[in-house]
Amino acid sequence: MPNGRDATHSGPTEKCGVVGVSLEERDAARPLYYSLYALQHRGQESAGIVTHDGFQQHSHVEMGLVGDAFGEDDIADLRGSAGIGHVRYPTAGSVNKSCAQPFTVSFKSGALGLSHNGNLVNADEVREELAAQGHAFTSDGDTEVIAHDLARNLLESDLVRAVKRTMGRIHGSYSLTITHDDTVLGVRDPEGNRPLCIGELEDGYVLASESAAIDTLDGELVRDVRPGELVVLHPGGEGFDSYQLFERENTAHCFFEHVYFARPDSVIDDELVYEVRRELGRQLWEEGGIETDVVMPVPDSGRAFASGYAEAAQEEGSGVEFAEGLMKNRYVGRTFIMPTQDERERAVRLKLNPIKSTVEGKTVTLIDDSIVRGTTSTQLVDLLKDCGAEEVHMRIGAPPIVAPCYMGIDMATREELIAADKSVEEIREAIAADSLSYLSTEAVAEALGRSQADLCLGCVTGEYPYDVEGEETDREVTRPEIGGVAGADD
Ligand code: AMP
């Protein structure tokens, strides 16, 4: 359990976007700033950049969105052609600057900056060990633990050995970008749970959680950082070295990155997220397709799924029409992070408004990527029926979420997850849909082109690829049966 807190509740676990840049001559701050903009969807709580000019480290970390966290002067003050950046995911109850990143520490053999996406499962243990050796901690986040452990190892070993020792000591999911003076490093945990990729720029190299950040800089995606790999960008942007420090038989790529979290225009582990989502939509039609007048996405997350679904349906001769029946207010934040259920319900209504003429008197298939608490689907079914929809059938592009994520995505507490203790039919009843079906885990693996053994499916199976330290004991996972269509015969 990370940091002694109940990992099922919001706390300063790290669910974020990371970047790192090493350039020939120009300052890294501006490209870092732009790439953080490209990763804003991965975190809206805080944003930060750390650079190194060869002599000195510079840091600017603020709460809020990237656009609000940096002014022109802040960017100008961040001197140096090497640097890293971070956006942090919002979690209720942890709006706290001490958790904002990149984390910095100066010690005898240099200055370290560290950005982390993921979640360690043994941070407490490592923290206690380091505290006993005299390390003083200023936050209760995992990232500081990694930074101190690395700083300690750097006193005794060279860079590559020090990183290897730290990777051998910490367990859990982590994609890291690190500055050690003006050297920028990228590290991905041995199971490759969170994404990290390398890009080439005209005058240097970039590391980023998602390739969309590389595109924003007009760079070329070189490849994903491999699970267990350390990438060292040469100062001056002249290339990079690769060290395969750990190798595992299986990976544990997070399937939910492809389903919900990542941008559709990013390529993650060799797969374009948009195409994966369309394929998931196609599979959804294969497994639980239903003939209705229209198929419509819950914007924006359901869009690619719905287009794949409609395409597969039409290929089979279905007369179903793809329609945009719900309009999204772009200026409303994520409904998910509203602290109370009442506010969450209000926020869904603020965010989405139906176009009456596309639903009135029609039978509708509504497609979303996932159901977490059930708030969105309950509200939308109700809304569409109010607008005159004759039937509303929900199709979900992922299996039921039955357990929390311990690996860095803020889902909900176990008690809040609608599928934790309900069958698909009970969920259908609760959201008042005419029918409901989810995608099977087999279809997810197929769409991702990987075996289930190479994916982290913890939130839909309750079985995690990392040892979540006794958390299993209070986790009674009731798996709803998947594959059938609840309400189909009603
Ligand atoms: P809920 O309303 O609680 O059932 O949440 C489902 C909606 O939230 C769907 O429209 C998803 O696209 C979206 N969603 C799923 N997972 C997350 C997450 N980790 N953070 C924010 N939103 C999410």
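Student: Leaving aside its neighbours within four places in sequence, which residues is Leu-36 in contact with?

Tutor: Happy to take you through it. One word on the ground rules: this is a predicted model, in which local features need pLDDT of at least 70 and side-chain atom pairs count only at pLDDT 80 or more, while totals for chains, interfaces and linings use all residues. Residues are numbered from 1 along each chain as its sequence is written, and side-chain values use heavy atoms, with hydrogens and water left out.

Now to your residue. Leu-36 is in contact with Val-19, Gly-48, Ile-49, Val-66, Phe-70, Gly-85, His-86 and Val-87, once its neighbours within four places in sequence are set aside; contact means heavy atoms within 4.5 Å. Leu-36 belongs to helix α1, residues 29-38. Helices are DSSP runs of H or I with at least four residues, strands are runs of E with at least two, and both are numbered from the N terminus. The relative accessibility of Leu-36 is 0%, so Leu-36 counts as buried. Here buried means under 20% relative accessible area, exposed means over 50%, and partly exposed lies in between, with a 1.4 Å probe and protein chains only. The C-alpha atoms of Leu-36 and Ile-84 are 9.8 Å apart, although 48 residues separate the two along the chain.

Stepping back to the whole chain, there are 16 helices and 24 strands. Of its 490 residues, 61% count as buried. Among contacts with a separation of 6 or more, 71% come from residues 24 or more positions apart.

The axes of α11 (residues 341-351) and α13 (residues 375-386) come within 10 Å and cross at roughly 50°. Axes are lines fitted to C-alpha atoms, for helices over the stretch in contact, and angles run from 0 to 180 degrees between N-to-C directions. The two helices, α11 and α13, are therefore oblique to each other, given that angles under 35 degrees count as roughly parallel, over 145 as roughly antiparallel, 65 to 115 as roughly perpendicular and the rest as oblique. From α11, Gln-341, Arg-344, Glu-345, Val-348 and Arg-349 meet Thr-375, Thr-376, Gln-379, Leu-380 and Leu-383 of α13.

Cys-254 is in no disulfide, and the nearest cysteine sulfur, that of Cys-456, is 6.1 Å away. Cys-254 is buried, at 7% relative accessibility. For Cys-405, the closest cysteine sulfur is in Cys-254, 6.1 Å away and too far for a bond. Cys-405 is buried as well, at 17% relative accessibility.

Finally, the backbone has some details for you to check. The peptide bond from Gln-101 to Pro-102 is cis, with omega near 5°, and Pro-102 sits in the loop between β4 (82-88) and β5 (103-107). Pro-299 and Asp-300 are also joined by a cis peptide bond, with omega about -10°; Asp-300 is in the loop between β17 (294-297) and α10 (303-315). Asp-181 is not a glycine, yet its phi is positive, about 50°. Asp-181 lies in the loop between β7 (172-180) and β8 (183-188) and is partly exposed, at 26% relative accessibility. Asp-269 has a positive phi near 45° and is found in the loop between β15 (267-268) and β16 (271-272). With a relative accessible area of 7%, Asp-269 is buried.

Definitions and conventions. Disulfide = S-S within 2.5 Å.
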